[in-house]
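Here's a quick briefing to read alongside the coordinates. Have the model open, and we'll go through the contacts one group at a time.

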Amino acid sequence: MKSQLKKTAVTACLTLMSIVTFAQVRPTNNLPAPPDSAPGEMPPAPGLHKHGMERGPGLKVLTSLTGKVIAYQTNDRYIYNRFTLQNGSQVITVRFPEQLGKQLMSAAAKGKSVMVKGFTDNGPDGVNVFQMASLAVDGTQIADTPPGIPKTPVIEPSKTFTGKINDFKRDQSGAIRGLRLDNMVEIDLPPHAVEQLQALLKAGDKVKVTGIKDTPPSGVVLESGAPTIIHPETIEINGQTYLLR
């Protein structure tokens, strides 16, 4: 009798162990697929190529130009940011950072002989220009360095400007990008505002705008007679006010 009970207990114990073992085995039909890589090869970490770190912008090869300054020119915001250089029989456009305008126009005026180091770059209008990295004139070197951050940031208060639409500011493709008022004020308009308000904007109409006056940073030189550029927050047309954000 004791022997029979012992056999029954052993059989029950083995059966219980089999059930527990089976419960711990996970099904294999839902396993995630292995990474697509060669045997023994670890998949690349996020942000990495298979063969190393993501590559940044290419290095710029600097070259030198010498010649005489012909004339300084402004961009579509009336800021001087380039000059033409007589380099032998060629006339080359040299673009420089806006914050260097005052320093360059003082040290390297029209007719001055200069040596410019830089690289050829594609301008915003699709035309290749020579981008200045540094310029030497009369033993002085002017280098492209980021403008310093002022200790106390200048925050222009929002003001109200009124006037009549004299003309429309357009980009090189002819699309409207803003309003020119009859009092030497120019209103920048975001593309979505132009699209929605273009039918309401007519030459001769009076508008009222609240916004912030564009204040160029130190070192920037504006064209003589440049208008006051406003970054608008609201515009009132025919008694109706629109939010421009």
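This is a predicted model: local features need pLDDT of at least 70, side-chain atom pairs count only at pLDDT 80 or more; totals for chains, interfaces and linings use all residues.

**Starting at T74**

T74 is part of strand β3, strands being DSSP runs of E with at least two residues, and helices runs of H or I with at least four, numbered from the N terminus. T74 is buried, at 17% relative accessibility (buried means under 20% relative accessible area, exposed over 50%, partly exposed in between, with a 1.4 Å probe and protein chains only). Beyond four places in sequence, T74 is in contact with I79, Y80, N81, R82 and E223, where contact means heavy atoms within 4.5 Å.

- Residues are numbered from 1 along each chain as its sequence is written, and side-chain values use heavy atoms, with hydrogens and water left out.
- Mean pLDDT (the predictor's confidence in each residue, from 0 to 100) is 81 for the chain, with 71% of residues at 70 or more.

**Aromatic cluster**

- The structure has 3 aromatic pairs (rings of Phe, Tyr and Trp, its six-membered ring, with centres within 6.5 Å; planes under 30 degrees apart are stacked, over 60 edge-to-face and the rest tilted).
- One of them is the tilted pair of Y72 and F83, 5.4 Å centre to centre with 55° between the planes.
- That pair links Y72 in strand β3 to F83 in strand β4 (residues 80–87), 11 residues apart.
- F83 is buried, with a relative accessible area of 0%.
- Y72 also pairs edge-to-face with F96, at 6.1 Å centre to centre and 70° between the planes.
- F96 sits in the loop between β5 (90–95) and α2 (101–107) while Y72 lies in β3, so this pair ties together parts 24 residues apart in sequence.
- Y72, F83 and F96 make up one aromatic cluster.

- Strands β9 (residues 159–170) and β10 (residues 176–181) run antiparallel, joined by 5 bridges (strands pair if DSSP finds at least two bridges between them).
- Their hairpin has 5 residues between the strands, and G174 in the turn has a positive phi of about 95°.
- β10 also pairs antiparallel with strand β11 (residues 185–188), over 3 bridges.
- In that hairpin, with 3 residues between the strands, M184 has a positive phi near 60°.

**Salt bridges**

- The count is 7 salt bridges (a side-chain nitrogen of Lys or Arg within 4 Å of a carboxyl oxygen of Asp or Glu).
- K169 and D188 form one, with the closest N and O atoms 3.7 Å apart.
- K169 is buried at 7% relative accessibility, and D188 is buried at 15%.
- R180 and E186 form another, at 3.0 Å from N to O.
- R180 is partly exposed at 28%, whereas E186 is buried at 1%.
- R77, K169, R180, E186 and D188 are linked in a salt-bridge network.
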